[in-house]
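Subject: Structure handover

Hello,

Here is the structure for you to take over. Please load it first; my notes on what was found follow below.

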Amino acid sequence: MGTELLLGQIVDTNSSWIGEQLALAGIDSHHQVKVGDNFERMRAVLTQALERSDSVIMCGGLGPTQDDITREVIAATLGVKLVRRDDLVERISAVFGGRGRAMPENNLRQADVPHGAEVLPVMPGTAPGFKVESGAKAVYAVPGVPWEMQQMVGECVIGDLKQRAGITAVIKSRTLRTWGDSESGLAEKLHEEIQRLDETGECTIAFLASGMEGLKVRLTAKAPSEEAVDAILADEERIVRGIIGDIVFGIDDETMESAVLDALRRRGWTLALAESLTGGLIGSRITAVAGASDVFRGGVVSYAGDVKFDLLGVPEGRVVSEQAVTAMARGAAKLLGADCAIAVTGVAGPDSLDGEAPGTVWMATLVAGEVEANRVVFPFDRERTRQFTTVSVLNNLRVRILASR
């Protein structure tokens, strides 16, 4: 797998995830190295890592194929032999049996671990993870498959590293997800609060641009207990929200669409869609949220002009206009019997339409019988125009629902 990373055939998300988890646990991560599937180069990298670090996490190379040599490299570097463990053979065989398949002979290699290794108790796939100690130092080996790696590192490795380092404090983060301001704009608004936190040390604020998913404001705090750190984060969230206002649409993994559905649900309102430019993208994001059916009535993908005219009651003429998008919103709400509606029409590109340049979008929201429409010209390619339109119009609806209290 290391070779694929170096060739750019696989994007390395594992290193960033592990680095983030180590930081949240209060563990310093000083070096990250990618190395190809070559025995001598891997051995040299591991030897260097053990010389300069207290612990090493090796990710990948635990599969059944000939280029999966992490086990062999660790054993050779630490001067021990590989041992085939019968209990691991049974566990790997059981994984294949549960899938109704016979285990290939080469999967037996995954039951080989360095002598003296402690097998990690969590094994999501066929690759066992393990820890080998070398004096006061430790080497952890985990699979490269992201969901397998994350489960092992999160449930086994991080806690063990904290114990080895004598870390008892709890470090946690809370991410406020925002839409509608720039990174520099947020930094300016929060400048005084960031300065105050620099002086008190009770919490930190960091910004992370996430493209079409908006800007993330991450709050991180450290305290002796989980209750104490949660209290610090709750207080700081209240302060930050008071400064930047309703551009915060969610926390941590909450999405714009889940925020909209929750806002509608609290008021007992339903939603209908009329999509032209986005071609069903808004509906796809809405229906990806579990429980959306109690709010979402449905949508009309009115891509062709005659569908807009015949089905949604749009007056014949220009289909990229305020008049058209307003009629689309009203038509969708009426057709589907919904309290609220979203409508979008525009020019995704690359060619112009109705005299409008590519990137031109009209979007509308209907709330309490009133339609509000606005025009935007995005400087993006076709796909990003569709994506940014989706999140923008969902946010427009969210803000209007909140204002309707």
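The buried residues of helix H10 pack against strand E10 (248-251), E11, helix H11 (281-287), E13 and H14. This is in a predicted model, as is everything else in this note. The buried set in H10 consists of Met256, Glu257, Ser258, Ala259, Val260, Leu261, Ala263 and Leu264. H10 covers residues 256-267, and its 12 residues should span 16 Å at 1.5 Å a residue. The end C-alpha atoms of H10 lie 17 Å apart, which agrees with that expectation. Just after H10, glycine 268 has a positive phi of about 70°.

Next, the sheet. Five strands make up an open sheet with mixed pairing, in the order E12-E11-E13-E14-E15. E12 (296-301) and E15 (370-377) each have a single partner strand, so one side of each of these edge strands has no neighbour in the sheet. From one strand to the next, the twist averages 10°. E11 (residues 271-275) pairs with E12 in the parallel sense, over five bridges. Within that part of the sheet, alanine 274 stands opposite valine 300 in E12. Helix H14 (residues 382-403) lies across E11, E13 (340-346), E14 (360-367) and E15, and runs at about 25° to E14.

On charged pairs: side chains of opposite charge can pair when their charged atoms come close. A search of the whole structure gives 27 salt bridges. Three of them are described here.

Lysine 131 and aspartate 160 form a salt bridge in which the closest N and O atoms are 3.1 Å apart. Lysine 131 belongs to strand E5 (residues 130-134) and aspartate 160 to helix H6 (residues 146-165), so this pair ties together parts 29 residues apart in sequence. Both ends are buried: lysine 131 has a relative accessible area of 6%, and aspartate 160 has 18%. Lys131 and Asp160 also belong to a network of salt bridges that links them with Glu118, Glu133 and Arg164.

Aspartate 230 forms a salt bridge with lysine 172, with the closest N and O atoms 2.8 Å apart. Here the link is between distant parts of the chain, as aspartate 230 is in helix H9 (residues 226-244) and lysine 172 is in strand E7 (residues 170-178), 58 residues apart. Aspartate 230 is partly exposed at 26% relative accessible area, and lysine 172 is partly exposed at 24%.

Glutamate 193 and arginine 196 meet through their side chains in a salt bridge of 2.8 Å, N to O. The two residues are three apart in helix H8 (residues 191-200), so about one helical turn separates them. An α-helix has 3.6 residues a turn, so residues three or four places apart point the same way. Glutamate 193 is buried, at 7% relative accessible area, whereas arginine 196 is partly exposed, at 28%.

Last, the cysteines. How many disulfides are there? The count is zero, with a disulfide taken as a pair of cysteine sulfur atoms within 2.5 Å. For cysteine 156, the nearest cysteine sulfur belongs to cysteine 59 and is 14 Å away. Since buried means under 20% relative accessible area, cysteine 156 counts as buried at 12%. Cysteine 340 is buried as well, with a relative accessible area of 1%.

Regards

Notes:
Residues are numbered from 1 along each chain as its sequence is written. This is a predicted model: local features need pLDDT of at least 70, side-chain atom pairs count only at pLDDT 80 or more; totals for chains, interfaces and linings use all residues. Side-chain values use heavy atoms; hydrogens and water are left out. Two strands pair if DSSP finds at least two bridges between them. Helices (H or I, at least four residues) and strands (E, at least two) are DSSP runs, numbered from the N terminus. Axes are lines fitted to C-alpha atoms, for helices over the stretch in contact, and angles run from 0 to 180 degrees between N-to-C directions. Contact means heavy atoms within 4.5 Å. Buried means under 20% relative accessible area, exposed over 50%, partly exposed in between (1.4 Å probe, protein chains only). The expected span of a helix is 1.5 Å times one less than its number of residues. A salt bridge is a side-chain nitrogen of Lys or Arg within 4 Å of a carboxyl oxygen of Asp or Glu.
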